[in-house]
Amino acid sequence: MSSTKVFTLEEVAKHNSKDDCWLIIGGKVYDVTKFLEDHPGGDDVLLSSTAKDATDDFEDVGHSTTARAMMDEYYLGDIDSSTIPERTKYVPPKQPHYNQDKTPEFIIKILQFLVPLAILGLAVAVRIYTKSESS
C-alpha cells in the first residue's frame, strides 16, 4: 500500500530552475524537468509557472488529452492546499454614484438654450413692432 507524498508550496518553490523544475497543477505536484526541452511552448513557459499554483496557466492554454495523459509520468505527489495562498478576487474600485437625473445640470442646460432663444424672440418682436409703428 503506497501513500501519496504531500508537499508544501515552500518545498515545491525550491524547484524552479532548468535543472530542477516542479509545477503544481490541479492540486498535484509534477517534476517536469525532463520535459522542459520537449515542451512545445518552450521551457520559459514552464519556468514562469513555478513556485505557484499553475492550474490556471495550464487550463488557459487548452492542452490536448495526450498532454494531460503525459502528466502521469511526471507526477510526484499532492500539494498541501493550506500552504497555497488564497487567490484574491478582483474587486473593481468604488465609483462615485452616478446621478441619472442630474436635475440641476439639466435645468441649467435648458436655460442655456431657452434664455438666448427668448432674447432673440424678444428682439425680433421689438423689431417687428417698431417697424410697424414707423410705417
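## His15 and Trp22

Leaving aside neighbours within four places in sequence, His15 makes contact (heavy atoms within 4.5 Å) with Asp20, Cys21, Trp22 and Thr50. The model is predicted, so that local features need pLDDT of at least 70 and side-chain atom pairs count only at pLDDT 80 or more, whereas totals for chains, interfaces and linings use all residues. Residues are numbered from 1 along each chain as its sequence is written, and side-chain values use heavy atoms, with hydrogens and water left out.

His15 sits in the loop between helix H1 (9-13) and strand S2 (16-17); helices (H or I, at least four residues) and strands (E, at least two) are DSSP runs numbered from the N terminus. With a relative accessible area of 17%, His15 is buried. Burial here means under 20% relative accessible area, exposure means over 50%, and partly exposed residues fall in between (1.4 Å probe, protein chains only).

Its contact partner Trp22 belongs to strand S3 and is buried as well, at a relative accessible area of 11%. Residues up to four places away in sequence not being counted, Trp22 touches Phe7, Val12, His15, Val29, Tyr30, Asp31, Thr50 and Leu76.

## Overall architecture

The protein chain comprises 5 helices and 5 strands, which follow the order β-α-β-β-β-α-α-α-β-α from the N terminus. Of its 135 residues, 21% are buried. Among contacts with a separation of 6 or more, 67% join residues 24 or more positions apart.

For residues 106-129, an unreviewed UniProt entry lists "transmembrane region"; such positions are given in the numbering used here, feature names are shortened, and annotations may be inferred rather than shown by experiment. In the model, this stretch is 100% helix and 0% strand, with its end C-alpha atoms 34 Å apart.

## Nonpolar cores

A nonpolar core is a set of buried Ala, Val, Leu, Ile, Met, Phe, Trp, Tyr and Cys residues joined through side-chain atoms within 4.5 Å. The largest such core has 13 residues, and Ile25, Tyr30, Val32 and Leu46 have the most contacts inside it. S3 and H2 are the elements that give two or more residues to this core, and the largest share, 3 residues, comes from S3. A second, separate core of 7 residues includes Phe7, Trp22, Val29 and Ile79.

Val32 touches Cys21, Leu23, Leu46 and Tyr74, residues up to four places away in sequence again being left out.

## Pockets

On a 1 Å grid over the protein atoms alone, a cavity is a set of points where a 1.4 Å probe fits but cannot get out; a pocket is an open set with protein on both sides within 12 Å along at least five of seven lines, and lining residues have an atom within 4 Å of a point. Grid points are joined across faces, edges and corners, and a volume is the space filled by probe spheres set on the points. In the table, Ala, Val, Leu, Ile, Met, Phe, Trp, Tyr, Cys and Pro count as nonpolar, Asp, Glu, Lys and Arg as charged, and the others, Gly among them, as polar.

| Pocket | Volume | Lining residues by class |
|---|---|---|
| Largest | about 370 Å³ | 15 nonpolar, 3 polar, 1 charged |

The largest pocket is lined by 19 residues, and Ile25, His39, Leu46, Phe58 and His63 lie nearest its centre. Strand S3 (20-25), helix H2 (43-47), helix H3 (55-61) and helix H4 (65-70) each supply at least two residues of this lining, to which H3 gives the most, with 3 residues.

The second largest pocket is lined by Leu9, Lys52, Asp53, Thr55, Asp56, Asp57, Ile84, Pro85 and Arg87. H3 gives the most to this lining too, with 3 residues.

## Two loop residues

Ala51 lies in the loop between H2 and H3 and is partly exposed, with a relative accessible area of 36%. Its phi is near 60°, a positive value in a residue other than glycine. Most residues other than glycine have a negative phi.

Lys34 is placed in the loop between strand S4 (28-31) and H2 and counts as exposed at 74% relative accessibility. Its C-alpha atom is separated by 8.6 Å from that of Cys21, 13 residues apart along the chain.
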